[in-house]
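Here is a short note for a first look at this model. Please read the points with the structure open.

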Amino acid sequence: MIKCLVVDDEPLALNILEDYISKVPFLQLIKATTNPIEALTIVQEGGIDLVFLDVQMPELTGIQFLKIANGKAKVILTTAYPQYALEGYELDVVDYLLKPIAFERFYKSVQKAQGIIQPTAKAQPVAEPQQQDDFMSDFIFVKTEHKIQKVYLHDILFIEGLKDYISIFTPTERIITLQNMKKMEDALPEKHFIRVHKSYIVSINKIDSIERSRIFIGDKIIPVGDTYREDFFKIVDGKNI
């Protein structure tokens, strides 16, 4: 078992990572805390293999935490801010997860950590925990104007990018959040979602039909951009009978 510690000043983020850790058979959660000073003390005492570490925290930033911990445990950074990625990798972090974090992306990251912490286990196949069922229950949290909203991945029809924000379309509503398309694309499982245009990500399962370079989802017509056409039609061809 890989013994884990979760550090984040947002209780909601702690809850999500606790839930994700509980789904992975080779991870054991030792402590989840909003207090980075407490977490640093636990790491320095030994016995922690892997830390899921937020970057922006009031008492001690994740980068400061890394420097003080000095390699006592392996670290996966979890943050909404991509600008710290380079400094994190310079400090030898295992991975850098951008919020909102989808379970599939989380699982890939902990598999990478397992290969580093338990190299003998790396060659052994590890069964992913019921990925299809996970998709039906997996979700992301997005910040809207007045609240943080839970969005189930299986409800998403498509996502449209508009300058500095994106719109997430479900069968019942349109959710607008301040976010960029690249970050959202990275957060979504590639098995179920694909970028088809600089302004659109679609749920593969929700496509009703395709006509030339146009995708039909309900009454919405989505163009397929030149940059994305080849990858998109490879997936389509793979589903043809």
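1. Start with Ile215. This is a predicted model, and in it Ile215 has 0% relative accessibility. The cut-off for buried is under 20%, so Ile215 counts as buried.

2. Where does Ile215 sit? Ile215 is found in strand S14, which covers residues 214-217.

3. Which residues touch Ile215, leaving aside its neighbours within four places in sequence? The contacts are Val196, Val202, Ile207, Ser209, Lys220, Ile221, Ile222, Val224 and Phe232. Val202 lies 13 residues from Ile215 along the chain. The C-alpha atoms of Ile215 and Val202 are separated by 9.0 Å.

4. Now turn to a sheet. It is open and has 5 strands, in the order S2-S1-S3-S4-S5. The pairing is parallel. Strand S2 (27-33) and strand S5 (95-98) stand at the edges. Each has a single partner strand, so one side of each is left without a neighbour in the sheet. From one strand to the next, the twist averages 20°.

5. Look at the pairing of S1 with S2. Strand S1 spans residues 2-7 and runs parallel to S2. The two are joined by 6 bridges. Val6 stands opposite Ala32 in S2.

6. Next, the helices on this sheet. Helix H1 (residues 11-22) lies across S1, S2, strand S3 (50-54) and strand S4 (74-79). Its direction is at about 165° to S2. Helix H5 (residues 103-117) lies across S1, S2, S3, S4 and S5. Helix H5 runs at about 165° to S5.

Methods
Residues are numbered from 1 along each chain as its sequence is written. This is a predicted model: local features need pLDDT of at least 70, side-chain atom pairs count only at pLDDT 80 or more; totals for chains, interfaces and linings use all residues. Side-chain values use heavy atoms; hydrogens and water are left out. Two strands pair if DSSP finds at least two bridges between them. Helices (H or I, at least four residues) and strands (E, at least two) are DSSP runs, numbered from the N terminus. Axes are lines fitted to C-alpha atoms, for helices over the stretch in contact, and angles run from 0 to 180 degrees between N-to-C directions. Contact means heavy atoms within 4.5 Å. Buried means under 20% relative accessible area, exposed over 50%, partly exposed in between (1.4 Å probe, protein chains only).
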